[in-house]
Amino acid sequence: MSYTLNHLKTLESESVFILREVAAQFQNPAILFSGGKDSILVTYLAKKAFYPAAIPFPLVHIDTGHNFAETMEYRDKLVEKLDAKLIVGSVQDSIDHGRVAEEKGYNASRIRLQTTTLLDIIEKYKFDACIGGARRDEEKARAKERFFSHRDEFGQWDPKNQRPELWNLFNGRMNQGENFRVFPISNWTELDVWQYLAMEGIEMPSLYFSHKRRVFYRDNNWLAESPNIPMRTTEVVEEKVVRFRTIGDITSTGATLSSASTLNDIIQEVAATRVTERGGRADDKRSETSMEDRKKEGYF
Amino acid sequence: MIDLELVTDNEQVKEEKFDANSYLNMELLRFTTAGSVDDGKSTLIGRLLYDSKSIFEDQYEAIKATSEKHGDQYVNLALLTDGLKAEREQGITIDVAYRYFSTPKRKFIIADTPGHIQYTRNMVTGASTANLAIILIDARKGVIEQTRRHSIIASLLGIPHIAVCINKMDMVDYNQEVFEKIVDDYRTFATRLKTKDIHFIPVSALLGDNIVNRSENMKWYEGVTLLYLLETIHIASDINHIDLRFPVQYVIRPFSDKFHDYRGYAGRIASGVIRPGDKITVLPSGFTSKVKKVELDGKALEEAFAPMSVTVLLEDDIDISRGDMLVRENNLPRQSQDIEAMVCWMSDKPLQINGKYALKHTTKDVRAVIKEIKYKLDINSLHRITENPSIGMNDIGRISLRTTKPLCCDAYTKNRDTGSFILIDEATNVTVGACMVID
Ligand SMILES: Nc1nc2c(ncn2[C@@H]2O[C@H](COP(=O)(O)OP(=O)(O)OP(=O)(O)O)[C@@H](O)[C@H]2O)c(=O)[nH]1
Ligand SMILES: [Mg+2]
């Protein structure tokens, strides 16, 4: 008998370990749930980690108000199915209360504004650890992040001075007012995620599968037609067969022309692709270090 | 600017129809880079990713644009891992970057670590979970202090395999004698290291010699390329499947009528195998019981082994909590409050004799007082400095300490999980020491 664990099972075991460590080390943790595949995966892994007990964390959705309808529907169904607790932090509320000002223009986005809403929610509910679905292979600043990522009392990340993180020993100790971001699926790649979702037979939002959609072309991207995105007069709406590789705020999530309609098709497509999944995200293209800058301020 | 030839159409990948089943059965190898600053670690990782066609077009375009902006002569492949603003400004690595790639044979997790002595703590972070270390040496400089420091750390951390890449061979005319002299020097030094599986490869990270493709410039070299070594090195026997060590991480007690009496001990198996029916002993209490069930997500398992995360149910209702350990009666770990360990120190504030620290070991938290510094290692000679040794930032030495409660531990050389612990400064909560229990 040979005792070998394939890499998907190895990753699963690592993530389950981290999630249990969060439950053991913190008083009041939460899962940041965006409705994308990564936060769906984290939520399922959390269910696994604690079954038959309920997931010991609420799901927190920082809602930009610029959502795909399908995402909301999926979110509410999942919450019901897992009997989880949902907390919604609304960027619209933050705008209405004058906490942040809406950006203007064609490329206006609420991505950066989410940080204020998130930090307000953390303070309101006194969360000491927020679990996120970020993966290191997504983006170059994320490639630098620890599993247990320490934040100062302003919610800021200091990439030049991170705590050492050795072996499987995670130091969640902190001073008053500080908190942690925890990333249980740090070591998963996009392909790992899809392989695992397929292996486990997890139902995914319809947006990830190919469908007909009214889209227009801007900055090398197909964007969904939406009342939340002002269009230039030169931009034309066309109907295309597309799917989304990543799901976020509707204003910054580009669609891919694709006919992949099953999990297996998606796996084949991801295995052969030559661009990264965030290649279609306008929020990362604002500058060379936009993700790092946002993370320093306290973004996911 | 010299453009690297970019593989735009990915014919190779498309032709070999992706086989989902073989992908499911891939083995995972974690490796780390080490060596002195500017020896070319990040460039080598960039080259490995580039030549194995693991770089995406948009990533390549982005680093090309940045290289152009910096006025570089080549597309700087180090930018693939040096992703922080400060790293790009200074042209050095500050913190570990994790990268992922796979070939039809294996899946890899890379930790590209900094060479700068100031960031040794980040090198230790990246190396602590690696199965293999690539140690780079600049062919013009040979074995220097930082090469030795990183090699000692890699060996102390119990990394079972080392690949020494003698880099920048293009700058020494691909000269075989230069290579052989460095190999000799390194071997002489390495006789005193614990790691015995050491390989040597002459490379140019910048130009790609012997990374993925065999070098046309070094016909005299008959060994394998770096990628070939990474794909084929035998790692299955690195995990200990003999001594059962199950540190209890969390107790699952559902609040529901259906599972009213359920009590599951959740954790990740550090070593060994566990099956229903096994007789186990709980430490430190010494109570014994039998395994009723091993499961995850409600699915019963016939057996589970390291490094699986599972939930264990026992026949008897005994008091067990986080920090306890399930083991076998006839195979016990050491249980002691007096611990001897090697320490790698990571704080500006030197280790304090009689100082008290928080200590984390497996899933257990205790406090510890430092009793004695036995010696500090001289990095260059590997001699033990025993006269008034003091351990400061980046120093390595041997200490003895006493804990508030007994630890159930093994020698680090036998078990990386139960043989390691960290020290935490109780005032700042920062991790300051990485420790390995001595035989
Ligand atoms: N000629 C030549 N130059 C190289 C080679 N490998 C790396 N370099 C150059 O050496 C310099 C340092 O390379 P890096 O890859 O950043 O070095 P590093 O080891 O990652 O440095 P730190 O991470 O800061 O410790 C860069 O200018 C590289 O272009 C090589 O094989 N030949
Ligand atoms: Mg580097």
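A polar side-chain atom of B:Lys168 lies 3.1 Å from an oxygen atom of ligand 1, a polar contact being a pair of N or O atoms within 3.5 Å; within protein, one must be able to donate a hydrogen and the other to accept it, and residues adjacent in sequence count only if both atoms are side-chain atoms. This is a predicted model, in which local features need pLDDT of at least 70, side-chain atom pairs count only at pLDDT 80 or more, and totals for chains, interfaces and linings use all residues. Residues are numbered from 1 along each chain as its sequence is written, chains are lettered from A and ligands numbered from 1 in the order in which they are written, and side-chain values use heavy atoms, without hydrogens and water.

**Ligand 1**

- B:Ser204 also places a polar side-chain atom 3.2 Å from an oxygen atom of ligand 1.
- For B:Gly115, a polar backbone atom is 2.8 Å from an oxygen atom of ligand 1.
- The protein buries 85% of the 660 Å² that ligand 1 exposes when taken alone (Shrake-Rupley method, 1.4 Å probe).
- Around ligand 1 there are 20 residues (a heavy atom within 4 Å), and B:Lys41, B:Ser42, B:Thr43, B:Thr93 and B:Asp170 come nearest.

**Domains of chain A**

- Chain A is assigned domain 1 (7-189 + 288-297) and domain 2 (193-284), with bounds from an automatic or database domain assignment.
- The contact (heavy atoms within 4.5 Å) takes 37 residues from domain 1 of chain A and 36 residues from domain 2 of chain A.
- Taken over C-alpha atoms, the centres of domain 1 of chain A and domain 2 of chain A are 22 Å apart.
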